[in-house]
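Please keep the sequence and the coordinates at hand while reading.

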Amino acid sequence: MWIFYAIGSSFFAGITAILAKCGIQKTSSDVATAIRTIVVLVFSWLMVLITRTWTGITQVSGMTLLFLVLSGLATGASWLCYFYALQKGDINKVVPIDKSSTVLTILLALIFLHEGLTWQKAAAAILIGIGTLLMISKKDTKLDEEANGSGWMFYAILSALFASLTAILGKIGIARVDSNLGTAIRTTVVLIMSWMIVFISGKQHEVKKIEKKELGFIVLSGLATGASWMCYYRALQEGPASVVVPIDKLSILVTIAFSWIVFHEKLTKKAAWGLICITFGTVVLAVI
């Protein structure tokens, strides 16, 4: 069943990017992230209550808790970087960079989880890397930076890096704890981290100024994130990280489809070939 949870995670993650983009047109990405985290926190702890797994919290070892906290910190850092990049850059460029974390996750899974590296897996990773490069051509990137401001690519790369660490640390952290409980603990860490960033940057007063329409999209993106997390960590608990993560990254197809419908962002021929490479490489990882 873990493969179906991974597919569900992919779908909800794809919707998350679109809803979040709609919610940060005028709202600070840091503030939006903090508000979204509240929604995800409520969602995740509600799942703990429904599944009655709260009793397992007394059985969580110190080492497991440490990895869950570290995973939460990596998630928070990834979110903050991702939504800042999403606010400033084109969805069709930011998302591929973020999804390229698959390649790094495979390497980290090989080193720390000893999941092994076959020639098929290596070839798939290369395809994903090539596809990512095709989707972020230098010329288009310069034009995008002139229109929206520079810096988004740096944050998109950081988002991918922290996302990779999240998957590995999360895999270790939920090895001996229910995935719903593990997700709830991690989300609590993300909440604390995100609101600390808001208060440190002095943006807490902006919360009252958020338009109702954008607030609605932020809340919906939080619900989509919560659903994606529930599916993702259930799949990660039962399946190999080097396969679950690639399937989750297929959310790029959902995101790009909706970005065309909602924001009218079109792919160039070069970017389309890049998307094909990423998709094919991901599918190969899922079936080997």
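## A loop glycine and the basis of the model

Gly-116 is found in the loop between α5 (101-112) and α6 (119-135), where helices (H or I, at least four residues) and strands (E, at least two) are DSSP runs numbered from the N terminus. With a relative accessible area of 29%, Gly-116 is partly exposed; buried means under 20% relative accessible area, exposed over 50%, and partly exposed in between, with a 1.4 Å probe and protein chains only. Leaving out residues up to four places away in sequence, Gly-116 touches Leu-110 and Lys-121, a contact being heavy atoms within 4.5 Å. From C-alpha to C-alpha, Gly-116 and Val-31 are 40 Å apart in space, and they are 85 residues apart in sequence.

The model is predicted, and local features need pLDDT of at least 70, side-chain atom pairs count only at pLDDT 80 or more, and totals for chains, interfaces and linings use all residues. Residues are numbered from 1 along each chain as its sequence is written, and side-chain values use heavy atoms, with hydrogens and water left out.

## Overall architecture

The chain holds 13 helices and 0 strands, so that its pattern, read along the sequence, is α-α-α-α-α-α-α-α-α-α-α-α-α. The C-alpha atoms fill a box of roughly 55 × 55 × 30 Å, taken along the principal axes. The radius of gyration of the chain is 18 Å, which agrees with the value near 19 Å that a compact globule of 288 residues would have; this radius is taken over C-alpha atoms, and the globule rule is 2.2 Å times the number of residues to the power 0.38.

Buried residues make up 53% of the 288 residues in the chain. Among contacts between residues at least 6 apart in sequence, 91% join residues at least 24 apart.

## Nonpolar cores

A nonpolar core is a set of buried Ala, Val, Leu, Ile, Met, Phe, Trp, Tyr and Cys residues joined through side-chain atoms within 4.5 Å. The largest such core has 54 residues, and those with the most contacts inside it are Tyr-82, Leu-86, Val-94, Met-135, Tyr-232, Leu-236 and Ile-252. Apart from this core lies another, of 6 residues, among them Ile-106, Ala-124, Ala-125 and Val-284.

Not counting residues up to four places away in sequence, Ile-252 touches Val-95, Pro-96, Lys-99, Met-135, Leu-275 and Ile-278.

## The enclosed cavity

A search of the whole structure finds 1 cavity of 30 Å³ or more. On a 1 Å grid over the protein atoms alone, a cavity is a set of points where a 1.4 Å probe fits but cannot get out, and lining residues have an atom within 4 Å of a point. About 440 Å³ of space lies in the largest cavity, where grid points are joined across faces, edges and corners and the volume is the space filled by probe spheres set on the points.

The largest cavity is lined by 25 residues, of which Trp-79, Asp-98, Trp-229, Asp-248 and Lys-249 lie nearest its centre. The elements giving two or more residues to this lining are α1 (2-23), α3 (62-88), α4 (91-99), α8 (152-173), α10 (212-238) and α11 (241-249). By residue class, the lining divides into 11 nonpolar, 8 polar and 6 charged, with Ala, Val, Leu, Ile, Met, Phe, Trp, Tyr, Cys and Pro counted as nonpolar, Asp, Glu, Lys and Arg as charged, and the others, Gly among them, as polar.

## Residues in and after the helices

Phe-12 lies in helix α1 and is partly exposed, with a relative accessible area of 29%. Beyond its neighbours up to four places away in sequence, Phe-12 touches Ala-224, Ala-227 and Ser-228. Phe-12 and Tyr-232 are 220 residues apart in sequence, and their C-alpha atoms are 9.9 Å apart in space. Ala-257, in helix α12 (residues 251-262), is partly exposed at a relative accessible area of 36%; its C-alpha atom is separated by 17 Å from that of Gly-8, 249 residues apart along the chain.

Ser-194 lies in helix α9 (residues 179-200) and counts as buried, at 2% relative accessibility. Leaving aside neighbours within four places in sequence, Ser-194 is in contact with Thr-33, Ala-34 and Thr-37. Ser-201, by contrast, has its place in the loop between α9 and α10, and with a relative accessible area of 38% Ser-201 is partly exposed. Ser-201 and Leu-49 are 152 residues apart in sequence and 34 Å apart in space, C-alpha to C-alpha.

Notes:
On a 1 Å grid over the protein atoms alone, a cavity is a set of points where a 1.4 Å probe fits but cannot get out, and a pocket is an open set with protein on both sides within 12 Å along at least five of seven lines; lining residues have an atom within 4 Å of a point.
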